Amino acid sequence: MKDLPQTVFVVDDDDAVRDSLRMLLKSAGVHAETCASAQEFLSSYDASQPGCLVLDVRMPGMSGLEMQHELNLRGVTMPVIFITGHGDIPMAVEAMQHGAFDFLQKPFRDQELLDRVQRALVRDAENRARLRHTDRIRERLASLSPREREVLDLVTQGKANKMVAGDLGVSQRTVEIHRAHVMQKMEAGSLAELVRMMMAVAPSP
Amino acid sequence: MLRPEMAGSNDNGAGGNKREVQRVRTIIVAGQSSDRTREVLRALSGFTNVIWPTSLESALAQTRSQDAGCLVIADDLREEPIDEFLQEARELQRNLPIFVITDPDDVAEAVSAMRHGATAVIEIPPSYAALCEEVSRALQ
């Protein structure tokens with residue numbers, strides 16, 4: 001499936017800021033969409049849309065930090081660049097602790113924002129590529145039979161076929177056949193690759 | 001003058017339960033020899049096992065130790081930029097609480113420190129209370 005183009009979503013209640021950022025991003029060849037409030041963005045956001053967010057901290061109604069919290073609850077991983085005219089250290093630390101990509105104080109130079117936007121777009125593309133990779137591995141895992149999954153778990157723990165056969169109470173030949181099926185279904189060229197795949201989908205400690 | 005080794009090992013029996021909890025974990029302080037670093041050490045003097053290693057290599061070695069409870073970057077470092085040191089420390093210990101002290105209102109520096117792996121950035125002044133709270137939490 002071809003990726004959708006990356007979009008920078010600007011959420012700021014100030015019309016002048018929205019317009020100037022849209023023009024700035026357009027001049028840099030970056031597609032931008034603007035919203036006047038957090039609610040407006042949240043009601044229209046489609047998670048399959050790649051890009052990043054430029055988010056004002058202080059807005060009437062839901063603040064930028066509250067919107068970040070809501071995005072986290074929804075599992076949205078799109079990088080967020082906060083912008084604010086009245087930032088302080090506790091506010092910046094809170095935003096960063098909750099996963100903000102960056103936090104920029106107004107006034108800032110155009111290039112400062114463009115640099116951060118470019119980095120955020122790269123980060124989003126990397127995140128999405130990683131997610132696609134783990135999704136593919138999970139699909140392959142789901143195609144394994146229960147026995148093949150048992151064999152996979154044991155061989156990726158470093159057990160030799162003979163030990164796996166002993167653990168499962170089957171012949172070594174049977175293990176070899178299951179193992180060959182596992183390698184084929186998982187599209188793994190080697191045991192090392194299989195181990196890497198399992199590490200990629202393992203839950204974080 | 002740089003004062004190496006133990007900075008606040010006042011294991012004198014005072015403190016009761018606090019000493020029980022904090023006995024083993026080390027608070028590593030990094031910072032050049034300065035008034036700021038000395039103030040931080042003084043503020044942390046109620047904790048046991050506060051160390052101020054002589055060099056950043058030594059601080060990183062302590063950070064790698066299983067006994068490390070938290071790392072406090074009190075002031076500029078002589079040998080390298082704070083962000084680089086932070087990143088190295090973070091790579092060594094993924095879950096170690098790392099606190100950075102900054103001047104008030106230096107938002108850009110605080111954001112940079114957070115990007116490089118700080119757990120929290122604390123502005124000084126007004127007081128060291130926030131630092132002591134963070135350190136207490138880190139040691140629990």
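A residue is termed buried if 20 or more other C-beta atoms, placed from the backbone, lie within 10 Å of its own, exposed if 12 or fewer do, and partly exposed in between. The model shown is predicted: local features need pLDDT of at least 70 and side-chain atom pairs count only at pLDDT 80 or more, whereas totals for chains, interfaces and linings use all residues. Residues are numbered from 1 along each chain as its sequence is written, and chains are lettered from A and ligands numbered from 1 in the order in which they are written.

**View 1. Overall make-up of chain B.** Of the 140 residues of chain B, 39% count as buried. Chain B contains 6 helices and 5 strands, where helices (H or I, at least four residues) and strands (E, at least two) are DSSP runs numbered from the N terminus. Along the sequence these elements follow the pattern α-β-α-β-α-β-α-β-α-β-α.

**View 2. Helix α8 of chain A.** With 15 residues, α8(A) reaches 21 Å from its first C-alpha to its last, close to the 21 Å expected at 1.5 Å a residue; the expected span is 1.5 Å times one less than the number of residues. A:V175, A:H178 and A:V182 are buried in this helix. Seen down the axis of α8(A), the buried residues fall within an arc of 65°, so they line one face of the helix; the arc is that of the directions from the helix axis to the C-beta atoms. On the other side, A:R173, A:A180 and A:Q184 are exposed. The cover over the buried residues includes α6 and α7 (161-168) of chain A. A:E187, with a positive phi near 55°, follows α8(A).

**View 3. Packing of α6 against α8 in chain A.** The axes of α6 (residues 146-155) and α8 (residues 172-186) of chain A are 9 Å apart, at an angle of about 90°. Axes are lines fitted to C-alpha atoms, for helices over the stretch in contact, and angles run from 0 to 180 degrees between N-to-C directions. α6(A) and α8(A) are therefore roughly perpendicular, the class for angles of 65 to 115 degrees; under 35 is roughly parallel, over 145 roughly antiparallel and the rest oblique. A:R147, A:E148, A:V151, A:L152 and A:V155 of α6(A) meet A:V175, A:H178, A:R179, A:H181 and A:V182 of α8(A).

**View 4. The contact between chains B and A.** In this view, 9 residues of chain B are in contact with 9 residues of chain A, contact requiring C-beta atoms, placed from the backbone, within 7 Å. The elements of chain B that give two or more residues to this side are α5 (107-115) and β5 (120-123). α5(B) gives the most, with 4 residues.

Methods:
Contact = placed C-beta atoms within 7 Å.
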